[in-house]
Amino acid sequence: MVSLFISDLHLDESRPAVTAEFFRFLGEQAAAADALYILGDFFEVWIGDDDDAPLALEVIAKLRQLVDGGTRLYLMHGNRDFLYGEAFCQASGATLLSDPSLIQLAGSPTLLMHGDSLCTDDVEYMAFRQQSRSAPWQQQMLSQPLAARRQLAAQLRQQSQSMSAMKAEDIMDVNAEAVTATMAEHGAKRLIHGHTHRPARHDLGGGKERLVLGDWCSQAWCIKADEHSIELISWPVGA
Ligand code: MN
């Protein structure tokens, strides 16, 4: 049984090469796998399941094709696409995973997360995260017309880019104590997350490890696991 994990594709109309690479990946590697897990920031931004932009509709159709072909599909919210709801899952055939989710993988209890909730040093972001994950905030957001949400999303994107540019490097990475505590809380031997765009395989000692997925830009990143082994792989986009 082969499971694949990807995150941080940041699908966006402005990056057609990444979208094309993803569709190729779906038709080849993912179609041949038993399960595909998308661990957040799949889209650069998700403004609601009623989005009728061509990219949104095309991606949903391709995901549905994958699921109809027999690959199970799991989706986790990221910090940019936390508004997927029931309609998206129905249309695409995806199962929404809560963050974190514990699964058994390659012989070890493995915790899946997007990763943003581990960046506890970024106090400002953690406050926004708490606010934006609340039901009233989301209802208020989704009750606005699509055009207004598109505009708001563009503003938020700009804001987050300028905020990131001003923050110290180490604030943007996961907090080591948060990693240890979260893994212990869930009895995990392995943690897989994305978000930080720092792909790596970290040996945490004591038989524990942390695998970090990379974002899709010039390279595509994927974790491939079967019953016995797990590996972090990458290849050039558009090769
Ligand atoms: Mn993220």
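**Exercise 1: The sheet**

Leu4 has Lys224 of E10 as its bridge partner. This is a predicted model, in which local features need pLDDT of at least 70 and side-chain atom pairs count only at pLDDT 80 or more, while totals for chains, interfaces and linings use all residues. Residues are numbered from 1 along each chain as its sequence is written, and side-chain values use heavy atoms, with hydrogens and water left out.

Task: determine how E1 and E10 run and in which order the strands of the sheet lie.

Step 1. Strands (E, at least two residues) and helices (H or I, at least four) are DSSP runs numbered from the N terminus. Two strands pair if DSSP finds at least two bridges between them.

Step 2. E1 and strand E10 (residues 219-225) are joined by three bridges and run antiparallel.

Step 3. The open sheet has six strands, ordered E4-E3-E2-E1-E10-E11, with mixed pairing. Its edge strands, E4 and strand E11 (230-236), each pair on one side only.

**Exercise 2: Positive phi**

Task: locate Asp8 and His195, and state whether Asp8 is buried or exposed.

Step 1. Asp8 is not a glycine, yet its phi is positive, about 55 degrees. Asp8 lies in the loop between strand E1 (3-6) and helix H1 (16-32).

Step 2. Asp8 is buried (under 20% relative accessible area; exposed is over 50%, partly exposed in between; 1.4 Å probe, protein chains only), with a value of 0%.

Step 3. His195, also a residue other than glycine, has a positive phi near 75 degrees. His195 is in the loop between strand E7 (190-193) and strand E8 (200-205), and counts as buried at 18% relative accessibility.
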